[in-house]
Amino acid sequence: MGDVSTWAAWAAAATSLATLIVTTYIGGRREQHRWARDALTDAFVAFLEASWAHSDAVRHAPPGTEVSAGAAPDLYREMRSQLTRLRLLASRDVLRAGEDLLRCQSALQAAAPGSEREAALAEAGARRRGVVDAAKKEMGL
């Protein structure tokens, strides 16, 4: 009788160990996936916020002043920094959309006041929507 109970105890211990290993592995993968999704969301939000702020800084630059003298260059650098994060976390389609927007923001910063700047602002808005669409698709939303 002692042999049966010893074997039963060993079987229960082995089953518990196997359950612990599988649960830890699956839980770890789930946690890793959650971290990646959160990091991706943070990068998307920071990238888009910097883009909006950059457009606003250019739009509201006082007439006759260089856009490069205000906040726009720092915001452009922030976009580049967030795009680097996206390179680590997102697909090529997202990167393409982000790079298109970044180039568009650069052109916006260089655009002359008036109709050229207004056209560049409109283009930045369209490219920003492209990033949002790519982000939603990437995240399954």
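The questions and answers below concern the helices of a predicted model and a few of its side chains.

User: How many helices and strands does the protein have, and on what terms is the model read?

Analyst: In this predicted model, local features need pLDDT of at least 70 and side-chain atom pairs count only at pLDDT 80 or more, while totals for chains, interfaces and linings use all residues. Residues are numbered from 1 along each chain as its sequence is written, and side-chain values use heavy atoms, with hydrogens and water left out. Helices (H or I, at least four residues) and strands (E, at least two) are DSSP runs numbered from the N terminus, and the elements run α-α-α-α from that end. The count is four helices and zero strands.

User: What percentage of the 141 residues in the protein is buried?

Analyst: Buried means under 20% relative accessible area, exposed over 50%, and partly exposed in between, with a 1.4 Å probe and protein chains only. In helix H3 (residues 92-110), the buried residues include Val94, Leu101 and Cys104. Over the 141 residues of the protein, the buried part is 30%.

User: What distance does helix H2 reach from its first C-alpha to its last?

Analyst: Helix H2 covers residues 72-89, which is 18 residues. The expected span of a helix is 1.5 Å times one less than its number of residues, and for H2 the expected value is 26 Å. The reach in the model is close to that expectation, at 26 Å.

User: Which side chain of opposite charge is nearest to arginine 117, and how far away is it?

Analyst: Arginine 117, in helix H4 (residues 115-139), is buried yet has no salt bridge, a term for a side-chain nitrogen of Lys or Arg within 4 Å of a carboxyl oxygen of Asp or Glu. Lys and Arg count as positive and Asp and Glu as negative, whereas His and the chain ends are not counted. Leaving aside neighbours within four places in sequence, arginine 117 is in contact (heavy atoms within 4.5 Å) with residues including Val58, Val67 and Leu108. The nearest side chain of opposite charge is glutamate 118, 6.9 Å away.

User: Which residues does alanine 120 touch, not counting those up to four places away in sequence?

Analyst: Alanine 120 is also placed in helix H4, and its relative accessible area of 12% makes it buried. Its C-alpha atom is separated by 8.7 Å from that of glutamine 109, eleven residues apart along the chain. With residues up to four places away not counted, alanine 120 touches Cys104, Leu108 and Ala111.
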